[in-house]
Amino acid sequence: METRTLGTGGLPVSAIGLGCMGMSEFYGPRDDAESIATIRRALELGVTLLDTADMYGPFTNERLVGEAIRDQRAGVVLATKFGNERRPDGSFVGINGRPAYVREACDASLRRLGVEHIDLYYQHRVDLTVPIEDTVGAMAELVSAGKVGHLGLSEASSATVRRAHAVHPIAALQVEYSLFTRDPEASLLPTQRELGIGLVAYSPLGRGLLTGRIRSAADLPEGDSRADRFPRFAPGNLERNVELADRVRAVAEAHGATPGQVALAWVLHQGADIVPIPGTKRRSYLEENVGAASCSLTASDLATLDAALAPGAAAGDRYLDMSTVGR
């Protein structure tokens, strides 16, 4: 697996990471045994970057990841997040960036993960009631204490990123980025490149739509929240987005690849400072995703994909409530 570097501080990670959220919540029934096997298989295949958050589950995903890496900590770049505060019953409290909470959340994540050090610690969403300088200042204290290696932000605006980076170097900006979501290209990508910040792309497969396996709501497993939480799966939008996703198939067939592999390869081709973290809880899909690292797209392929899925082509917003992104 190729290695890429996040941030000027030099955090080396695998070119493709693994998003672990769906193993514990949102995308249908859990299968902890298969999820743990998937994480361990990822490590065997050279995937080093594992992405979790305290809110996933809530709290259970960090415990799951911790169990999976218990005997392999040295080979893992462990990333987790704080800021979306939830109660044990799953209810949401709100976005919390208060310095005292930053410290409490980090200690709680360390306990659940069963580790002494988090390699990459993100603010999951920006708290507009707390100056970003105060939040990142508290995060920087965690670095000084040896609890955290590198800092990140998720779904922050360019202006917020600049203010945060002035307090302490930000290694990675995590945002949704895919052929369906090209919003970062307008402002965030230029900003992070100017500042030497890596981009970690979550949902690089359009929450599964770009794989071509989701043709209708009936293809989602029981208990899957995508139809309710994400407008791109709503009636009318879904049909349009399936049609767009089908345009990837012709390029995939020319390479003997799957549409999902081509979608991931497109993200990889956007720059060596970009690392996609496709999520899955199955070894078979993990192995397919890792295969994208060997899919080399030509300039003609990239032009075809850029034209077929131009910025703004996808139908529907990314979230029902877009007020917490781009802050």
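Reader: Let's begin with helix 4 and helix 5: which residues in helix 5 meet helix 4?

Author: Happy to start there, bearing in mind that this is a predicted model. On the side of helix 4, the contact is made by Ile132, Glu133, Val136 and Gly137. By class, the contact of the two helices divides into four nonpolar, two polar and two charged residues. The partners in helix 5 are Thr160, Arg163, Ala164 and Val167.

Reader: And is helix 4 roughly parallel or oblique to helix 5?

Author: Helix 4 (residues 132-144) and helix 5 (residues 158-167) pack with their axes 9 Å apart, at an angle of about 40°. Angles under 35 degrees count as roughly parallel and those from 65 to 115 as roughly perpendicular, so helix 4 is neither to helix 5 and the word is oblique.

Reader: Nice. What is the handedness of the crossing where helix 4 passes helix 5?

Author: The pair here is again helix 4 and helix 5, with an angle of about 40° between them. Helix 4 passes helix 5 in a crossing that is right-handed.

Reader: How do helix 8 and helix 9 lie: roughly parallel or roughly perpendicular to each other?

Author: Helix 8 (residues 237-245) and helix 9 (residues 247-255) have axes 3 Å apart and pack at an angle of about 25°. Arg240, Glu243, Leu244 and Ala245 of helix 8 make the contact with Arg247, Val248 and Arg249 of helix 9. Those residues divide into three nonpolar, no polar and four charged. Because the cut-off is 35 degrees, helix 8 and helix 9 count as roughly parallel.

Reader: Turning to the pockets, which element gives the most to the lining of the largest pocket?

Author: The largest pocket has a volume of about 1200 Å³. Of the 49 residues that line it, the closest to its centre are Met21, Phe26, Tyr27, Arg207 and Phe230. Strand 6 (84-86), strand 7 (92-95), helix 7 (226-229) and helix 11 (283-290) each give two or more residues to the lining. With three residues, the element that gives the most is strand 7.

Reader: How many charged residues does the lining of the largest pocket have?

Author: The lining has 20 nonpolar and 15 polar residues. The remaining class, charged, has 14.

Reader: Finally, what is the volume of the largest cavity?

Author: The count comes to one cavity of 30 Å³ or more. Among the residues lining the largest cavity are Glu176, Phe180, Arg207, Phe230 and Asp317. By class, its lining divides into five nonpolar, one polar and five charged residues. The volume of the largest cavity is about 70 Å³.

Key. Residues numbered from 1 in each chain as written. Predicted model: local features only at pLDDT ≥ 70, side-chain atom pairs only at ≥ 80, totals over all residues. Heavy atoms only, no water. 1 Å grid on protein atoms, 1.4 Å probe; cavity = no way out; pocket = protein on both sides within 12 Å on 5 of 7 lines; lining within 4 Å. Points joined across faces, edges and corners; volume = space filled by probe spheres on them. Helix = DSSP H or I, 4+ residues; strand = E, 2+ residues; numbered from the N terminus. Nonpolar A, V, L, I, M, F, W, Y, C, P; charged D, E, K, R; others polar. Axes fitted to C-alpha atoms, helices over the stretch in contact; angles between N-to-C directions. Parallel < 35°, antiparallel > 145°, perpendicular 65-115°, else oblique. Contact = heavy atoms within 4.5 Å. Left-handed = near helix turned anticlockwise from the far one by under 90°.
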